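Trainee: Could we go through this model together, one residue at a time?
Mentor: Gladly; have a look at it first.

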Amino acid sequence: ILSRKFSASNFFRDCRDTKASVIQYIGQICRYLNASPASSNDKKHFVKKAIGNGMRGETWRHFQTRFGIKYIGEFYASTEGNAVM
């Protein structure tokens, strides 16, 4: 999914509309998603995996629970990380 700019309030709606099953995050994007207002639609998407780098532990736990993400893959050496996907 390519957007003109990042929108925490539209992120999972866009994922749902496009039936995305994997997302890639960088840095604190997941923290911004956690900070967005809670919604009854928080788990109404097809995303099963999130892969990226830079997510802190407290953000990880909340993100996984709130949005129902089954698998989070955190990696280092991010210049090579896209080869893992």
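Trainee: Which residues does His45 touch, not counting residues up to four places away in sequence?
Mentor: This is a predicted model, where local features need pLDDT of at least 70, side-chain atom pairs count only at pLDDT 80 or more, and totals for chains, interfaces and linings use all residues. Residues are numbered from 1 along each chain as its sequence is written, and side-chain values use heavy atoms, leaving out hydrogens and water. Contact means heavy atoms within 4.5 Å. With that cut-off, His45 touches Phe12, Arg16, Phe67 and Ile69.

Trainee: Is His45 buried or exposed?
Mentor: Buried means under 20% relative accessible area, exposed over 50%, partly exposed in between (1.4 Å probe, protein chains only). His45 counts as buried because its relative accessibility is 10%.

Trainee: Which residue has its backbone oxygen 2.8 Å from a polar atom of the side chain of His45?
Mentor: The side chain of His45 also reaches the backbone oxygen of Asp42, at 3.3 Å. The one at 2.8 Å belongs to Phe67.

Key: A polar contact is a pair of N or O atoms within 3.5 Å; within protein, one must be able to donate a hydrogen and the other to accept it, and residues adjacent in sequence count only if both atoms are side-chain atoms.
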